[in-house]
Every structure is written in C-alpha cells, then in structure tokens.
Amino acid sequence: MTDPTITVTEPRTATVLETAGVTKSFGGVHALRGVDFSLAEGEVHALVGENGAGKSTLIKVLTGVHRPDGGEVRYRGGRVDFAQPAAAQRAGISTIYQEVNLVPLLSVARNIYLGREPRRYGLIDVPTMERDARELVERLGVHIDVREDLGRLGLGAQQMVALARAMSVDSRVVIMDEPTSSLEAREVATLFDVSRSLRDQGVGLVFVSHRLDELWQLCDRVTVLRDGRDVHTGRMDGLTRTGLVSHMLGRDAGELARDGATEFGESHLQGREPVLSVAGIDARNTLRGVGLTVRPGEVLGLGGLLGSGRSETVKAIYGALPTQAGEVIVDGRPVHRNSVRHALRSGVALLSEDRKAEGIIPDLSVRDNIALAVLPRMSRMGIVSESRIDKLVETFMGKLRIKASSPRQLVRELSGGNQQKVLIARWLCTEPRVFLLDEPTRGIDVGAKAEVQSLIDELAEQGLAVVLISSEMDELVEGADRIVVLRDGAVEAELDGADLTSSALLAALAGDIAQADAAAQEEDR
Amino acid sequence: MTRSSIVSRMVVASAFTLALAGCTSTGDEGSNTTGGGDDAQVVKEDPSASGDGCTLEQYGAEKLELAGATVGFSQSEPDTAAFRAAETESIKSAAKEVGVGKLIVTNANAELPKQISDIQDMLNQGVEFLIVAPVNSDGLDPALDAAKEAGVPVLTIDRKVTNASCEDYIAFLGSDFYDQGSRAADAMNEATGGEGKVAILLGSSGNNVTDNRNAGFKDKVESDYPGLEIVVEQTGNFARDEGQSVTEQLLQSNPDITAIYAHNDEMALGAVTAIKAAGLKPGTDIKIVSIDGTRNAVQGIVDGEINAVIESNPRFGPLAFETAQKFYDGETIPEDVIIVDDEYTTENAEADLDKAF
Amino acid sequence: MTTTATPPTRAEAETRRRRGLDLDWVRTNGVYVALALLFLLNVVWTNNFLTERTLLLQLIQVTPVVIVALGMALVIGTEGIDLSVGAVMALAAALIPLYVGYGAAMAILIAVLVGFVTGSLAGSMVAVVGVQPIVATLGIMVAGRGVANLLGGEIKTIREPGIVSLGSESLLGVPYVVLIAAVIAALVWFAARRTTYGRQLVAIGGNKRAAELAGLPVKRVVITTYVVAGVLAAIAGVLLAARSQASDPTKLGQLMELSAITAVVIGGTPLSGGQVRIIGTIAGALLMQLIFATLVFHNIPDSTAQMAQAVIVIAAVYVQMGRRRSTS
C-alpha cells in the first residue's frame, strides 16, 4: 500500500504481486502514469476504471505482455521483468482475457494443456490429458466433453475452459479481465464459486468487470484507475456504488444521473409512421417469421436470451444473414433481401456485436476506419478527397469524444470503448434512418457506456429509428421505448408502456410465469 | 532471375510452409544433353568406352525378334524443346525402319512420378522392349524393377541413371559431354587465333552435363591453349533470357572479354542479343562457341554472329535399335555407348543447316 | 509507406523508435537500408559499377520483376496470392509470334488481353466461387503454361521491328522498358494510395468480413485486383519477349511468381494482407537485382550466391514473422 490516503489496518497477509510507479505510453498517449498497485495472497482484488483508464495496460504489464517504461513490478518479494507472457505464466501468473484466446480447432483438453501436454514416449499422452482435463472441468461444475473441439462450444463454455487452463497451472495469481461478459448467470455463479475457493487456497485474484454489482459480490478490495493513475484503493465493504462511480469518473455523483430521456415515452411517438417495418423473416435454423416495426425517434429494445435470435434478426434486416423469406421496408420502400449494400443505401446501419471480427480494421487508422463506409461519397472520379475525409473525421472524433493521439493512430491501439465509438462514427457517417445496435456497450467501461447510452437517446431524439440489443436488462428497460422479446427465433412478447419493467421482461425472457415471480423477488432484494 | 527464384522458393516454403517444391525443374538438364551427327549415328570408335559389357545371357532376357515386336519409348520432357522433338521423331522413324510391330510413346513432362507410371502403364500394355530417356539420374527404381520383373530389357538414352548396368538396364547411349567441352576448346582456339579472354556461361549448377562440358573445356585450355584466359564463369541455367542477362552484366564488369563459351545454344543466342545491345558485334568483337546444334544457333553461324557449335545429336533412333539388335544377336554391349558428335563451323554451317534440329 | 494516406506522425514514429528499434521498423525500412548499403558497397568495391550503362542495365533487367511484383503486392494486399503470373507471362509472350503478322500493336494488344482474361478468371474464382487464391491461381498457372506450350510450341525468335525496338530502344536516353515500368509504378502507387479502390482494397485485406458489412464492393475490388495482376504479368511477358527477341513458352517467366512474392515480402508487405507497400516492393525488386549484379560482377560461384540470397530472404521472413507475433 503506497497510497498515502488509504490506511489499511492489519496487513493480514503477504503481498504477492505489486507495482510501484509503473509508467507506460503508446503513440504519445500515456496509458499509465505511475501506478502503485498491490495484490495480497488470498484476496480478490477488483480493478476498475473507465475506458482508457489503463486497466488493460496494467494487466498486460503484470503478465509480461508489455514491459513498463518506468517503475517496477515485484512478484513474491522480488523484482521481476517478464520478457513474454509465457514467462509470467511459468512463474505462476495466469490470465483470463475478455476475448477468449484459445485455439478453436483443438479439443478442450488440448486447449487446457496447450504447451504443457503430458507426454509419454515423446508423444502427447492423450488418455492422461483427457482424464485430467475431465476432472478439472468437473471441479468447475461444467458439463462439457473435453474431446470436443473448443470452437464448437458456446462462448461461456469457452471461458470456463480458459479458467480451467488457469487452474491447471497451479497459479499463485489469477487475473480475470472481464471474465463474465460472455457468461450466463449460472456460469457466473460457478465462476464466482471457483474464484472463492481459489482465494481460500491463498491465491491472489485480480478481477476486472464492468458489472458493478459483481464487484461487491466477489471482491475484497478495489483499486480504481483513472487516466493512467491509481486514484483510490480500499476495501469493498463500506464503499457505496455512487462512491465508486464518482472515483472512476472523477465527477460528482449527481452529474452522473441519467436524465431519463426515455421517460416521455409514448406521446412524442404517437401517430408517426414506422420508418422500419419487418415482417415474416425466416432464416434457416435461426429465425421463424420475425416481424417488428420501429418509428422515427423510437428506441426499440430487442430482448432475448443467448441463442434466441436477437443478433440474427438485426443481421437479417441488414442483409448480412441469408434469409429464405421475409420483407424489410424502410421509408416505404422494400429493401432487397440479402444485400448489405442495398440495406446501407436504404438507410440502414448495423453496429455489429463482434467488434473485432466484424467491425474494426485493426491495421487501418482511426480516420480510415471512420470513413470506410462512405469512401465513394468522399471521392470524385474514384479519387479520394483527403480534405473532405479530414473534415468528416474531425467532426465525428469531436462529437463522440474519441480519444486517440491523432486521427492517424491505428485503431488496434485504442481501448475497446474508443474502438466502439470509431465504429459508431463510421455508421453515423452514412446518415442512417435506421440504426441497429447489437450490444453497443459490451466490453466498455461505465463512463463510455453512459456516453454511448446518452448518445443513443440523442440520436433517437434527432429522429433516428434505433433497434437496441443488450444483454443487460437495466440497459434495455431504461433505454428502450418498447421491447420486443425473442425466444427460439420467434417473437415471444412485446412490452410497452406500463409493461415495460424488469420483472415483465424477465417473465417474457423465460417464457414462464413462475420464473418471473422468482425474478421479481430477486429484484426486491 | 532463376537464382532469386530458388531463394524465393524458400520464402514461400518458409512463409507459407507450402510444399511448392513440387514445381518441376523443367529440364535444362535433359534438353541439351546429347548430341548427334549424321542421320545415322556413329558409335565412337573408342575401345576404352565402358566396362565389361553386357550380353543377353548375362542380362537374363528372352530372345526377341524386333520386327513385329511391341516397343515402348518413355520420353522425359515436352517435345516443345527442339532436342526432344528431334529425339522422339528419330525413335519413331527408326522403329518404322526396323519394322517394329507397335511403338508406344509417352512423355513424362519432366515429372519423375509420371515417368514411373508411364513405364508401368506400358508394361501393362505388353511392351517387350523399352527405350527410356530418364527424367532424372536417380529415383527411377520402381519402374526399372517393374520392367525387370516383367522380363523387359531397358535401354537408357541421353541421361545415365545411377542404377547397375546389365542388371537394371542394358546400357546407356549418349554423348561424351567432357569430350564436347574439349572440342569446344579446340573450336575456341580456332575462332580466336589462340589469344583471348574468355567468359563461360555455365549450365544449371549441380548437373553432370554442366560439370563435364566445363571440365572438358578448361582441361583442354590449360593443357593446349595458354593464350586463352578464362576470366569469369557464371550460370545462365541453360536459358536464353538468363544467358542474355548474365552476358549484359559481364560486358560491364569485364569489358575486356573477347570470347564467350556457352554450355548450350540458347545461352549463346542470349549472349548474341546482349552483345548487340551493348553496341558490339557478336562473332567478330566477341567470339562465341557453344554446344548443341539447334537450327537457330547454326543459322547464327551462317549470319556470322556465332563462330562454332559443337553438335549434340538427338537422333538416337537408329543407334538404339541397332544396339538392341546386337543385344539380341548375342553380342556384347558396352555399358556406355558413346556417339561421335559433329561440329558446325563457318565452313560447313550453311551446307549443313538442314541437319540442325 | 503504408496505405494510410499520409506518413505516420512524428509522435507515432517516436514511439515506434522508443519501442526499441524493433522489428516493425526493420520490416518497414530494412529494405531501403539494405539497398543503400549494398549500393554504397558496390560504389566503393566494384570496378565499372558506377557507370551510366551499368546502372541503366540494372533498371532494364529489373523491369519485368517490378511490373509483376506491383500486381502481386496488390493481390497480397487483399490477403491473396497469385501464382499464375509466370505462366501468364509465357502465355502472353507465346501469342506475340502468332499475331505479329497483324502488326506489333495488334500482337501486343492481344497478348495483354490474355492477362485480362486470366485475371478475370482467377478473380472470379476467388471472389465469386470462393476458391482459395492459392488453389485458383495454381490451376491457372498449370493450365496457362500448358496452353502456352500448345500455342507456342518451341522457342521462337521475334524479328518484328516494332517489338524489337520496344525491347531495345530508348527515348531521351531512357529505355522504353524502363519508361513503361516507371509509368506503371506511378499508376499503381496512385491507385493504391489515392483512389477509393486502393482504400477499399486494404480494408478488405485487413478484415474482409468487416469490409463486407461496411458495404464495400468486395467482389468487384478483388476481381479488379486479379485483373490488374494478370494484365501487368502479360505486359511483363511482352517486354521480356521484346527484350530477348524470343518467345519461349516453356521457360519464359518460370518461377517469376516466386521472385515477385519475394520482392513484395522483402519490401515489407505482410503476407497476411491489409497493407500494400509500393515503394517497398520496388526497392525489394531492386535489392534482388543488385544482389544478382553484385554476385556476377565479383564472379561469385552459384552455390555461394544462392546461400547469400537465402540469408537475406530468411532475414526478411524472420522480420515478417516477428511482426505477426508482436501484433497477435
């Protein structure tokens, strides 16, 4: 504990991993400006902060991905300088990243033991490996076939495999970067159980999550980063939610309260003709006769559990998912089926859920990423007008407060939240009439999240028709004027007006009244 | 270009881990290897040629009447090369002459696996005697074994295989490449008047034709022609454009060169283009001697751009069938049957232009 | 030079340097350093090197590789590869003697048209049918060489004065072939850097799925790229035939695909696509040419020469792989 403002009584356990005055910068942006952080044995330590606060960078410094420019990292009492992630891992520091970094074409067992396979006669001892792997995943309470290719599992299951991998190396430190973002509630519970048992065995855990509730459920202490500095370290109990958020944002809690723009609900939408109307969309194995309408200025929430067909629905509207039947009408004109280009021309834009695979072009600059979809409009006779692009990019970088050292910084060097803003800018450049947003706040921190949420409201106020997908119930209930709930690829319910509550949404999601009651009780607690 | 290509092959291999090695090395090796003289070959009268020799009895084959028999010819490389075309044509016409019942001709397109399956196919079709122009000195074993099993004698032409003679095959018919080099040195002496700085355009590296044509030339120059100085030797890979590129460079790096010895006609023709481009007169300012005897090169002598060509006769047909006949007549066949190669100079080029292939 | 419209800012360059003169820098600039060093070495150590004729000769000899490599760089930018270029050169050259009776211009036009056809074929297979680039172009490579042999037969000498002068004459002291290559290089550079097409190309190579979802005309761009590569290969074939005054369907352009890929890779374009380095590619081709000339000038035996080149290429590939590690 080097932060003078915090006094922790009774240092009950030894520090296992700590940093002192660590600095690191990229492309002229200072990611870390002297961070002191310490993790004790047998604790779960939350690491929180806004986008670009330096969380990811700090983790990468701790795990040997980056070397600090200044300051030092101490592990089990001695100064360390890991040359590469493998060295950190060998020393007993395991990491679970938000995007699962495993090999989809290898079996679960192979993934767990990748690089450390048990060997026999120089060959991989498959039976032993699979037996050990099976034991390990069973301890996690997950039921998966360890011989299955990893890529065939759901994201949540893949995350558990990553955790099993971390457990299998007898780590002293486990760092979990957004481990819950792709997990279902049951899996989250399992993850927490496992985490607590690791803690009780004396392992130090670092936990990063944007779901604030989880911090109180699991963590003992918290360190808050802001603009590359550690601004607060202390125990979780006794810290209020508002207190935490104000540390993160460096603002008064009052400023933070959202203005409830969606509250004026029905009235301003009455009587308007839908700008988007969709009917009878069928897609093989995923969608069965999905239909919906959105009016200008309306935010339509699209709810559903994993696999219910939410993403598929917006993709089908956008022409990016082959459909066998169905009709999409924008502004009274039909959109050609299965044609992204025509959908775009008709004024539809889709912010895809998978930012990395379907959104950013990592090796292009912020500027080129923003202008990507409107290149023909920025060109004359096939020759690009740099000045027009500059002007456009400048406008949007300012409007969306995109943090980059310059418009020419490579987009892969930005934080997740800023990458997301770049993509939103890309779509706004196309001047859409209908904006389909698939998990727009996933994997970005509270501050950026609030910004994105209020941006969505703002866009709606300007007359855009928005379709919003979110796994976070609160976000959906608070952000949407109306919610269409999908189940098994078909519309299950539509929530409107007074029905637009969390408990009603839960009931619709589950498709079961009994569960809805249980959920309501949960909410009361 | 090919040098860098070899390296590039490594890029591809290492960068993609891609087995592009399958790119066949199309045959500079073969296409220029052998030589011939007149329409009928002449066996070089050299008793020292070859070891103990081979008889029908030793080889353990059945006697066969060639007239009416089924004979197979496995050509190694595409007939687009003049040498190959002439070779194939010669085998065909000689077969007709002898009265062979049926001649089956295949072309391996420079691919060893194809040659092996070609030969196996022909054995299945019941050939009784095989003439093979090997794609490669090594690796033909499966085909030779199959022939032995079927009791079909094999005569190899123009490229010698490393297998045991009189066991896996009867004998090898071909040119003495060392002697060709040696005679090229004689011709060079003639052309230059015994004084000159010589550049050598080598064939492909690691090829016995290249090695022998080079050694024959250099040994002869060293022993007999002290006025000839070999100043530089660089590979042109038996190809015209590479012969041209290398010559262009050599004319800059060694402006005092007065003569070029090319291991084959194609490189010599490339050198002619390069010399002209440099504003010099090929055949006069810079003397050129090469080996092969292609029509283009002999025409070059007629035009005064090339000084001499040592011929390599591709017309193996008559000699092949003559050797086969001797074999079945019970005569002893030497391991290497060497043909005398002719020569084109300013004296005979015009008259003998039609003999060029 | 990357395809981002302007060079990196000073701040970016600064951090790049601070990351410790890392492989990224070597990958981007190594080729220029190597080229400059080798050139200086030759100036000092090689007799007759610093003459107009010798220097011009290097430019003349490098033209076919440069022209083909420019097309290859674009294809590699789309995360593709074109193995057919050498065969297309041979095919184009094989047509020259056949159509030269209609005049030089007609023969050249038909030869170049063949590049358009093979390029469209390769591009359509890749973009529309979804065949892997390496497979599609390998097919065209084998078939193209076969057709060239079939049409061309044995090596033919070209005497048509128009074509001969294209290969051997100069304008104001600059050989036509060099002029043509320079114009092509300028056009390709402009297309890659300043046009919508060029921007879309690198985006597609960088993340094809994202480019599709951004409404880019992926198929059109990919097909266009293979057409450009095919046409450039055909032009290179014509120039090579004009220069050697012969058309050899068996040997012309043999292994040219590999020379071109090497030039592109040494020039710093990653094989994983998403970037196109035009100047680097030209420098890569020049470097290989200079190595060749150096070895000939010093009469280095073939075996040694191959080893020297192997070392350079392995170094280039190592730098490439280092990059992939650092960004993964």
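A:Glu358 and C:Arg209 form a salt bridge, with their closest N and O atoms 3.4 Å apart. A salt bridge here is a side-chain nitrogen of Lys or Arg within 4 Å of a carboxyl oxygen of Asp or Glu. Between chain C and chain A the count is four salt bridges.

This is a predicted model: local features need pLDDT of at least 70, side-chain atom pairs count only at pLDDT 80 or more, and totals for chains, interfaces and linings use all residues. Residues are numbered from 1 along each chain as its sequence is written, chains are lettered from A and ligands numbered from 1 in the order in which they are written, and side-chain values use heavy atoms, leaving out hydrogens and water.

**The interface.** In chain C, 34 residues are in contact with 39 residues of chain A (heavy atoms within 4.5 Å). The two chains bury about 2,800 Å² between them, 54% of it on carbon and sulfur atoms. Buried area is the accessible area (1.4 Å probe) that two parts lose on being put together, summed over both. C:Thr196, C:Arg199 and C:Leu213 lose the most area on the chain C side, together 21% of what that side buries.

**The sheet.** Chain A has an open, mixed sheet of six strands, ordered β6-β9-β10-β3-β11-β12. Strands are DSSP runs (E, at least two residues), as are helices (H or I, at least four), numbered from the N terminus. Two strands pair if DSSP finds at least two bridges between them.

| Strand of chain A | Residues |
|---|---|
| β6, edge | 93–96 |
| β12, edge | 229–235 |

Strands β3(A) and β10(A) run parallel, joined by three bridges. A:His45 has A:Val206 as its bridge partner in β10(A).
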